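Please read the points below with the structure open beside them.

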Amino acid sequence: MVNKPVSYPVMEKLIALSRRRGFLFQSSEIYDGINAVYDYGPMGVELKRNIKDLWWRDMITSREDILGMDTAILMHPRVWEASGHVTNFHDPMVECKKCKRRYRQDNLPEGQETCPGCGGALTEPRQFDLMFRTKLGSTAEGALDIYLRPETAQGIFVNFSNIVSSSRVKLPFGIGQLGKAFRNEITTGNFIFRTREFEQMEMEYFIRPGENAEWLDYWSKERLKWYRSLGIREEKLRLRQHAEDELAHYSTACYDVEYAFPYGYSEIEGIADRGTYDLQQHIDHSRKKLQYVDQENRGEKIVPAVIETSAGVDRTLLAVMTDAFWEDEANDRIVMRFSPRVAPFKVAVFPTFQKSRDAEVARKLYEELRPHFAAFYDDGGSIGKRYRRQDEIGRRSA
Ligand code: ATP
């Protein structure tokens, strides 16, 4: 959705808090930073791990029908030819001739010919390649041009037969993975909403062709529920069906889970009916038989259809943080009202005084808690200041 070059007061405050309390820092900040790349600090990394662990538990380990994988970021370049990314993974970019700001043409109102920032004229659209290229091996030995993966899903499709032959799976079944993806986005901004390096939590659910509509419906509802389970307010979430002209090249139907960010409803996860597109493309390009032998149907060989759930870790984290953000104006403080399921630290221990019997007991309690909970000990400054610090990292007072 939108990525307007406008600042939003709540986002500005959230960005300042993230830095002040160690959630997120601009990457390579001491060298003036690198655009749309971020580092997670001590608070951010705990929050991010909690989100990833919950996804893994809820989507993989707690389900009999879904298995996990962890495939490599670097893949054979032919994977991206087969998947359609080499031909289709471009965005139409327009640039302002005056202020040089860049926009994705499909994010501007139809027919807009002037820059929303300064009113200058826009260039004709050009196709902008979203995949990062790199070289495998040294030039001397004839290096191979390869890509950093722009999604984790293809690692699953190319391993389809490995999973089928090694894991005795029966349709319907899913394969999920969680990992880094890279996109050389034209427009960035809105903090970590659209970055160039990010993490995805993707699951490909293989089904008998023809059962697509019912599984798309099932997964759209399941995934929406999952965001509520992270403590995100129900009224801030919605499912939106893609219009026909919005569908990606592989997809015949798609729902987005959207969160009401300060800059408008925007996608945090896509649930797509990919049909048999990916497996069929890899069959055609690799000439390998990526098929499933259906024992329940007299050994019929079929190419399963796929329903994909594709979520962004960083966007989920941004939705969780935006939703938890609360300004207590009466007391001039910010409170991050995280659900205890995702909160970076679960318990904080404060002795009333430093170097007292009280402090010894508090320290002992902290040591006992630490192996079981992400716990935090603080004996510096007034109790009021210590509480304020905890408010901003999301401690729940009990
Ligand atoms: P958009 O239209 O916002 O660019 P998309 O439809 O291209 O997103 P998908 O290809 O469906 O995104 O990717 C699945 C998920 O991966 C998204 O819902 C989002 O959570 C995450 N994601 C995609 N691109 C980025 C990015 N540049 N930065 C952060 N997360 C991303």
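**Notes on the model**

1. The domain assignment places domain 1 at 9-79 + 151-322 and domain 2 at 345-393. Domain 1 is therefore written as two stretches of the chain, as the assignment lists it. The centres of domain 1 and domain 2, taken over C-alpha atoms, lie 37 Å apart.

2. Confidence. The mean pLDDT of the protein is 91, and 97% of the residues have 70 or more. Residues 1-5 have pLDDT under 50 throughout, and the model gives them 18 contacts beyond four places in sequence. Where pLDDT is low, predicted coordinates should not be read in detail.

3. Overall form. The protein has 11 helices and 20 strands. Its C-alpha atoms fill a box of roughly 75 × 60 × 50 Å along the principal axes. Of the 398 residues, 31% count as buried. Among contacts with a separation of 6 or more, 65% join residues 24 or more positions apart.

4. The ligand. Which residues come nearest to the ligand? They are Phe-198, Gly-270, Ser-310, Gly-312 and Arg-315, out of 15 residues around the ligand. Two or more residues of this shell come from each of β10 (197-207), β13 (264-275), β16 (305-312) and α9 (313-324). β13 gives the most, with 4 residues. Sorted by class, the shell holds 7 charged, 5 polar and 3 nonpolar residues.

5. Ile-186 sits in the loop between β9 (173-182) and β10. Is Ile-186 buried or exposed? Ile-186 is buried, because 22 other C-beta atoms lie within 10 Å, and the cut-off for buried is 20 or more.

6. Partners of that residue. Leaving out residues up to four places away in sequence, Ile-186 touches Asp-91, Met-93, Arg-102, Arg-104 and Phe-128.

Notes: Residues numbered from 1 in each chain as written. Predicted model: local features only at pLDDT ≥ 70, side-chain atom pairs only at ≥ 80, totals over all residues. pLDDT = per-residue confidence, 0-100. Contact = placed C-beta atoms within 7 Å. Near = placed C-beta within 6 Å. Nonpolar A, V, L, I, M, F, W, Y, C, P; charged D, E, K, R; others polar. Buried ≥ 20, exposed ≤ 12 C-beta atoms within 10 Å, placed from the backbone.
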